[in-house]
Amino acid sequence: MASRPKDPNALIDEDDRDRAAQLLKNAYAKGQLTHQQLDQCLEQVLSSQTRGQLDVAVAGLPVQNPDDRFTIATVSGVIFRRGRWRVPEELTVASPLARVYVDLSRAIIEHPVVDLEVLVGVGSVRIIVPRRSVVDLKDMETGWKGLSYKPGRFSGSGGPRIRIHGTVGMRKLTVRHALLR
C-alpha cells in the first residue's frame, strides 16, 4: 500500500501536533536546538492548522529516528507479539494470510502516540492495548466480519494514544483493553 502524498493545505489534528512536538523535544535533548529555538518551534507547532505550517515548524530536523519505525510481515501463518517488548513509534503489521495477535499490555511504550498500521487480507487480527490507553480507530477499514471494540473503564486516563489504521479484509479485527492482573 503506497503512502499518500502530503498536501501542504491539509488540516492536521492533535496527533500530528504531538508527533511534531516530540520530534522537537528529541532534537533539543540531542543538542540540535537551543532552548530559544525549541520555544519558537513549539509555539509554531501548537498554532499550526495545516500540514504546510507544521512542516515549516520542524524544517531542518531529522524526519524520524529509524529505530522508531518497524515492520512485522509474513505471507501466512501467525504473527504473535506479546510480553515485555519496546514498541516503536510507528509499527506496521502486514500479511495477506496470517492470523495476527499483538499484545501491548506489558510492552514498553515510550511515545505519547503509537501509530499501528494493520494490513491484513484474510487473517483475523486481535490487539490488546494497555488499560489506560486511548484508542483511535477512525482510519481503520474492515471488511466482511467488521470491528469489535469497547472502550475500557480506565481508557483515556493517562495512557498513550494508540492510533490503529489500515485494512483487515475478510476476518474480524478485535481490539480490547488489558484486564486487571
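**Exercise 1. In this predicted model, find the salt bridge between K138 and D13 and describe both partners.**

Step 1. Look at the side chains. K138 and D13 form a salt bridge, with N and O 3.4 Å apart. The cut-off is 4 Å, so the pair qualifies.

Step 2. K138 sits in the loop between β9 (134–136) and β10 (140–142), and D13 in the segment before α1 (14–29). They are 125 residues apart, so the bridge links distant parts of the chain.

Step 3. Check exposure. K138 has a relative accessible area of 57%, so it is exposed. D13 is at 24%, so it counts as partly exposed.

**Exercise 2. Compare the salt bridges R17–E14 and R161–D15.**

Step 1. Side chains of opposite charge can pair when their charged atoms come close.

Step 2. Take R17 and E14. Their closest N and O atoms are 2.8 Å apart. Both residues lie in helix α1, three residues apart, about one turn of the helix. R17 is buried, because its relative accessibility is 8%.

Step 3. Take R161 and D15. Their side chains meet at 3.0 Å, N to O. R161 belongs to strand β12 (residues 161–168) and D15 to helix α1, so this pair ties together parts 146 residues apart in sequence. R161 is partly exposed at 30%. D15 is buried at 4%.

**Exercise 3. Which residues make the nonpolar surface patch of about 530 Å², and where does V75 lie?**

Step 1. List the members: V75, L97, V122, W144 and M170.

Step 2. Locate V75. It lies in the loop between β1 (69–73) and β2 (78–81).

Step 3. Classify V75. Its relative accessibility is 56%, so it counts as exposed.

Technical notes. Residues numbered from 1 in each chain as written. Predicted model: local features only at pLDDT ≥ 70, side-chain atom pairs only at ≥ 80, totals over all residues. Heavy atoms only, no water. Patch = residues over 30% accessible without salt bridge, like charges linked within 9 Å, V, L, I, M, F, W, Y side chains within 5 Å. Areas by Shrake-Rupley, 256 points an atom, 1.4 Å probe, with all protein chains shown as cover. Helix = DSSP H or I, 4+ residues; strand = E, 2+ residues; numbered from the N terminus. Buried < 20%, exposed > 50% of the residue type's maximum accessible area, 1.4 Å probe, protein only.
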